[in-house]
Amino acid sequence: MAYETPEIFDFDLDSGFCLQKEPMHRHLSAMNGMFHDEAAYQAAMKDNPRIYSFYDMDVPARSTDLAYGTSICYPGKVGDEFFMTKGHYHEIMDTAEVYYCQQGRGLMMMETLDGRWDCKELVPGRVVYVPGGWAHRSINIGDVPFVTFFVFRADAGHDYATIEHNSFRKCVVADQGGYAVIDNPNWQGGELAK
Ligand SMILES: [Fe+2]
């Protein structure tokens, strides 16, 4: 099994891509219902753009291991809403994650089931610590790929279903050359989906 001995991988600092692994890609078609402007979503689906890429580095899913890799969210908007990742809770809820921004300018949108939310701006060199119990989503508010390097407990798992059902309380739209955090009209309440 890999990772029983020390391993080396190279990640390009600008693009975020790993030289030795193939990334996974998410296109707009995988994000039906996640952007607040449905008409803009349908219009953008003509091109079905790539929204983000990320790595699964095949670390064994054990509590004693650390999963890691890069997330690369591309620049762009659906209507007035910036490109973003789907976002997730961890299946083992009380597991944290670290995201180190290495390129671009973006946001980490976070919320909890008991009604708290937070949104932290990331620039290269800045780290956000996402505590256990906080759903998290990356949002690119800049003009170049927003690249973060993440590390979390390898058996934490991803609960995408809750976000696919509930969405996030807040969404981020372009506003006078910058951005604004607004209430998400698609938010469906703060319960787990399963
Ligand atoms: Fe995570």
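Which residue in β11 does Gly106 stand opposite? I looked it up: Gly106 stands opposite Asn140.

Ground rules for the entries. I am working from a predicted model, where local features need pLDDT of at least 70, side-chain atom pairs count only at pLDDT 80 or more, and totals for chains, interfaces and linings use all residues. I number residues from 1 along each chain as its sequence is written. I take helices (H or I, at least four residues) and strands (E, at least two) as DSSP runs, numbered from the N terminus.

Entry: the sheet. I found three strands in an open sheet, ordered β9-β8-β11, with antiparallel pairing. β9 (117-122) and β11 are at the edges with a single partner strand each, so one side of each has no neighbour in the sheet. From one strand to the next, the twist averages 20°. For that angle, axes are lines fitted to C-alpha atoms (for helices over the stretch in contact), and angles run from 0 to 180 degrees between N-to-C directions.

Entry: pairing of β8. I count two strands as paired if DSSP finds at least two bridges between them. β8 (residues 106-111) is joined to β11 by six bridges and runs antiparallel to it. Leu107 of this pairing stands opposite Ile139 in β11. Six bridges also pair β8 with β9, again antiparallel. On that side, Gly106 has Leu122 in β9 as its bridge partner. I also noted that β8 and β9 make a hairpin with five residues between them. Gly115 sits in the turn and has a positive phi of about 105°.

Entry: cover on β8. I call a residue buried if 20 or more other C-beta atoms lie within 10 Å of its own, exposed if 12 or fewer, and partly exposed in between, with C-beta atoms placed from the backbone. Six of the six residues in β8 are buried. One side carries Gly106, Met108 and Met110. The other carries Leu107, Met109 and Glu111. Both faces are covered.

Entry: Trp134. I located Trp134 in the loop between β10 (127-130) and β11 (135-140). Is Trp134 buried or exposed? Trp134 is buried, because 21 other C-beta atoms lie within 10 Å. Beyond neighbours within four places in sequence, Trp134 is in contact (C-beta atoms, placed from the backbone, within 7 Å) with Met110, Glu111 and Thr112. I also checked Asn166: Trp134 and Asn166 are 32 residues apart in sequence and 14 Å apart in space, C-alpha to C-alpha.

Conventions
Contact = placed C-beta atoms within 7 Å.
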